[in-house]
Amino acid sequence: MRQTLKHQERLFDVDEALEEIKGRRPAMADIATSFAILQKARLAVREALPATSLLESPPAAAVLASGLPLLAEYLNTLAQPPVTLVERFHAAAKVILPAEAQAFPKLAADLARLAVLLDSPGAGPDQGSGLAAALLAAIAPGEEDAARQTVEDIAARLHLAPVVLHMTATESLLAVLTHESEQLGPLVDQEAWRRGYCPVCGGGPDVGILKEGKEDSEFLIAKAGQLWFHCSQCAALWRFPRLRCASCDCEDPSRMEILMAEDDARSEQEQAHLCQDCKTYYTTVNLVDRTDRVNLEMLPIRLLHLEVLAQERGFAPMAPSPWNTLT
Ligand SMILES: [Zn+2]
Ligand SMILES: [Zn+2]
């Protein structure tokens with residue numbers, strides 16, 4: 001038997017995975033390179049933050065049992081973020097900003113100005129941790145509220161491109177969530193959680209992995225394997241029934257369609273699963289009986305060509321991101 005999923009799948013580092021993508025799909029080289037730079041920044045954030053959870057006490061098992069992700073309650077506080085979260089977000093942004101400038105040189109001037117403001121020791125709303133807290137609050141999910149400052153409001157006041165603030169705030173928060181997921185991951189009962197969203201942060205799946213193991217309903221080891229989803233926000237992994245739509249729970253095989261690219265030998269292992277009922281899709285890579293070296297965090301970019309095919313047919317991604325929101 002293979003070792004744990006993480007041992008099996010994380011054998012490739014980001015740079016090796018990038019070289020493989022560039023070799024197979026030269027047209028994706030630029031986007032994959034930018035994506036890889038930001039993934040490495042997320043790994044660097046993990047090293048920079050203390051190895052403790054944001055949660056002061058672990059959530060009760062009943063939280064997961066009721067279908068709530070472990071961080072659900074905590075993430076409701078984003079509009080008025082707790083000090084520890086602001087500190088970690090601020091520290092993450094300092095690591096992320098230079099990486100963004102490398103990934104997107106055209107935005108480098110605005111990114112550098114934002115970095116100076118975040119580094120400023122002042123206590124004003126547009127300096128240092130005050131600005132970090134304002135950015136977090138601005139990207140908090142929730143009702144439209146006329147009194148609430150938006151990213152665009154802050155961008156106009158600071159004379160910065162809104163995309164720079166959106167990207168920095170989002171990437172920094174995702175880096176903090178990815179770090180948090182490492183702390184909280186062991187609390188997830190993988191035998192019990194079977195939802196279409198992440199047990200840690202509630203994010204949707206950006207890619208699925210099929211690996212050896214039996215399905216809940218099967219007595220024998222099934223050749224088709226178990227489906228594990230990868231969270232688009234915090235990189236957590238969780239199991240999901242192989243033949244169900246994670247978006248609408250449809251289980252009718254006649255409503256599901258599989259899409260493959262047919263341009264190289266490995267295409268067979270890579271599929272997009274389309275649901276005709278809700279018109280969404282997810283992509284998977286099949287690792288059953290294989291020894292391919294992959295990097296989980298780079299898989300969404302490795303499978304991006306399948307997202308293009310699915311979107312050309314009118315299907316939407318289960319976890320939309322700036323990378324797969326194609327025009
Ligand atoms: Zn997550
Ligand atoms: Zn569906």
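**Helix packing and domain contact: exercises**

Helices are DSSP runs of H or I with at least four residues, numbered from the N terminus. This is a predicted model, in which local features need pLDDT of at least 70, side-chain atom pairs count only at pLDDT 80 or more, and totals for chains, interfaces and linings use all residues. Residues are numbered from 1 along each chain as its sequence is written, and chains are lettered from A and ligands numbered from 1 in the order written.

**Exercise 1.** Determine how α3 and α6 are oriented to each other.

*Solution.* 
1. Helix α3 spans residues 29–48 and helix α6 residues 83–103.
2. Their axes lie 9 Å apart, at an angle of about 160° (lines fitted to C-alpha atoms over the stretch in contact; N-to-C angles from 0 to 180 degrees).
3. The two helices are therefore roughly antiparallel (over 145 degrees).
4. Residues making the contact (C-beta atoms, placed from the backbone, within 7 Å) include Ile 37, Ala 41 and Ala 44 of α3, with Ala 92, Ile 96 and Ala 99 of α6.

**Exercise 2.** Identify which element gives the most to the side of domain 1 that touches domain 2.

*Solution.* 
1. The domain assignment, automatic or from a database, gives domain 1 (5–186) and domain 2 (190–317).
2. Their centres, taken over C-alpha atoms, are separated by 25 Å.
3. Domain 1 supplies 33 residues to the contact and domain 2 supplies 28 residues.
4. On the domain 1 side, α1 (5–9), α2 (14–24), α3, α5 (72–75) and α10 (162–184) each give two or more residues.
5. The most comes from α10, with 6 residues.

Technical notes. Angles under 35 degrees count as roughly parallel, over 145 as roughly antiparallel, 65 to 115 as roughly perpendicular and the rest as oblique. Two residues are in contact if their C-beta atoms, placed from the backbone, lie within 7 Å.
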